[in-house]
Amino acid sequence: AFLLYSEDRSRPALALSLQNSLGNREARELVDDNAIDPINPFKNDDSEEKEKAYLPPPKKEEDNRVLLPPQSMAGEMGKPVVLPTNLSAEVKKMVDDGWLKNAFNQYVSDMISVHRSLPDPRDEWCKKPNRYLPDLPATSVIICFHNEAWSILLRTVHSVLDRSPSRLITEVILVDDFSDMSHLKQQLEDYWKNEPKVKIVRAKKREGLIRARLLGARHASGPVLTYLDSHCECTNGWLEPLLDRIAQDSTTVVCPVIDVIDDTTLEYHWRDSSGVNVGGFDWNLQFNWHAVPEREKSKHQNSAEPVWSPTMAGGLFSIDKNFFEKLGTYDSGFDIWGGENLELSFKTWMCGGTLEIVPCSHVGHIFRKRSPYKWRSGVNVLRRNSVRLAEVWLDEYAKYYYQRIGNDKGDYGDVSGRRELRNKLKCKSFKWYLDNIYPELFVPGDAVANGEVANGDRDYCLDSACKPEDMHKPVGLWPCHSQGGNQYWMYSKTGEIRRDESCLDYSGQEVILYPCHGSKGNQYWDYNQETKLVRHGSSDKCLAINESKTKLVMEQCNSELTRQRWTLENYDH
Ligand code: LR7
Ligand code: MN
């Protein structure tokens, strides 16, 4: 049963490097207790039974592809692979290089079979006989990549082929967005040469993920398009529930639940349907996740039923090809990365479609903490994309985004074609979308002040990024810069000082950021335009900065003190 790594075309480099740089004994210790021996998965065990358990999933009837033998037990069932701390210098360097190139632990990915098994995260509801229509449309799966790691790209593709009924996969189109890594050239063609379903399309120059996806769509022949990032893993039964929704109504755009594949250990994390999230966005035009709102929950009997989502994350979804074309696909003026998910979300809703998250469908994705590849230099790509989005789809609400970027739109090119498209399709207004599809969103126009909150002689301003990791941390101070961004705040009618879902909150210690709860209390601030004091509701103290101007403090109110006086921009009461 001993299998040599070098037999596995997916991991040639690792095979040799591991065995060369470590003795077999050391290599065996590469994974911790609950993981598996990467070198000999069947060590100390010669029972055929055990061996069988590690074989790839049984082939489906119509499926006569030859699967590669499993090479290691590391990461099977989505378990974490934990490297020991006492790695040799040589291996440590390989691990570091993998992180540097990919922003995830490529070394660990390389240890794991490209056919690894995963847990089945589906609710029982999903598996009920006849849950889905018998005649589902087939799909072209489009996976765009720019300099993706070898093992992770192959695992993405194999997870599609291994876990989808063959008749539902028209093809898998790999769109190479002008990568320069050598393993993505001839080696990739060779690897897939016996797999007729896999097609490789190459961009002639760096297009960015949006135009790369459009290139993939042009080569697709299936009636449905399914997009995946190039570092995903599909679980059992992921595809049928997506296609079923489109078969029922071709204007429904569907997303799987996106599970997290840990960037360090490649552990597959998942939650059951009770923890499903839907997509939203903030006025920086950044995507975010929310719990399913009550108004949506009450429409369903079972938490595994598809739920409406105001937006999609962007990378993983299925859409009827004709409907995608009717919607004018993506704005091809969007560069490299970002904003396209909101564009597609807004126009799906505003132009007659529905956007859903389908809890019966789970696909894992490696979330990276930084972008590993080069963007365009000298251009703020994301801002440019977002301005195009705002210009075309946001109507009178666009100004709230512009306030966030210091009203500096930059050069965003020509959007007249996209506006024409919107008119031609007779799409609804953004107001309609907010009122009906995303009523939870706090609209800055409902605030009595918006912009900077400046102390004294306008030298210091409240300044915080309001990222999830900033919650429960003290609110910052910084010289006022008039650029919006981290100094853009809203003073709501109900006395909150907030940005999006983050509120200034005081409970006796420091003034911190806390998710807005809407029940006043520690988040209630009373601004007096005359005295310029910001008086806190539950403590009756006033907001101030300390004498050395380094932090916020709360003090006995005294309007004589400049450090307690504040100016709220655009105050209009
Ligand atoms: O120039 C590029 N060319 C490409 O082909 C840049 C990227 N790409 C490829 C890349 O290899 C990858 O497969 O495009 C895909 C997406 O790029 P990522 O993985 O760097 O993006 P991301 O996962 O950080 O970001 C999310 O937002 C993006 C821009 O809006 C895309 O919509 C991604 O698909 C999207 N990912 C997801 O939706 C997965 C869940 C993440 C969340 C939330
Ligand atoms: Mn991604």
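Start by selecting residues 450-569, where UniProt, in an unreviewed entry, places the feature "domain: Ricin B lectin"; UniProt positions follow the numbering used here, feature names are shortened, and annotations may be inferred rather than shown by experiment. The end C-alpha atoms of this span lie 6 Å apart, and the span is 0% helix and 39% strand, with helices (H or I, at least four residues) and strands (E, at least two) taken as DSSP runs numbered from the N terminus.

The model is predicted, so local features need pLDDT of at least 70 and side-chain atom pairs count only at pLDDT 80 or more, while totals for chains, interfaces and linings use all residues. Residues are numbered from 1 along each chain as its sequence is written, and chains are lettered from A and ligands numbered from 1 in the order in which they are written.

Next, colour the domains, whose bounds come from an automatic or database domain assignment: domain 1 (5-111), domain 2 (138-366), domain 3 (381-436) and domain 4 (444-568). The C-alpha centres of domain 3 and domain 4 lie 30 Å apart, and five residues of domain 3 are in contact with eight residues of domain 4, contact meaning that C-beta atoms, placed from the backbone, lie within 7 Å.

Now select I142, I143, V172, V175, L225, L316 and F317, which have the most contacts inside the largest nonpolar core, a set of 83 residues. Such a core consists of buried Ala, Val, Leu, Ile, Met, Phe, Trp, Tyr and Cys residues joined through C-beta atoms within 7 Å, where buried means 20 or more other C-beta atoms within 10 Å of the residue's own, exposed 12 or fewer, and partly exposed in between, with C-beta atoms placed from the backbone. Because domain 2 and domain 3 both give residues to this core, it lies between them. Leaving aside neighbours within four places in sequence, F317 is in contact with Y227, V253, V254, C255 and M312.

Move on to ligand 1, which is surrounded by 24 residues, counted when the C-beta atom, placed from the backbone, lies within 6 Å of the molecule. The closest are D177, L209, A313, G314 and G315, and β1 (139-145), α8 (209-219) and α12 (340-350) each supply at least two residues of the shell.

Finally, select I336, in the loop between α11 (321-326) and α12, which has a positive phi of about 40 degrees although it is not a glycine. I336 counts as buried because it has 23 C-beta neighbours inside 10 Å.

Notes:
Contact = placed C-beta atoms within 7 Å.
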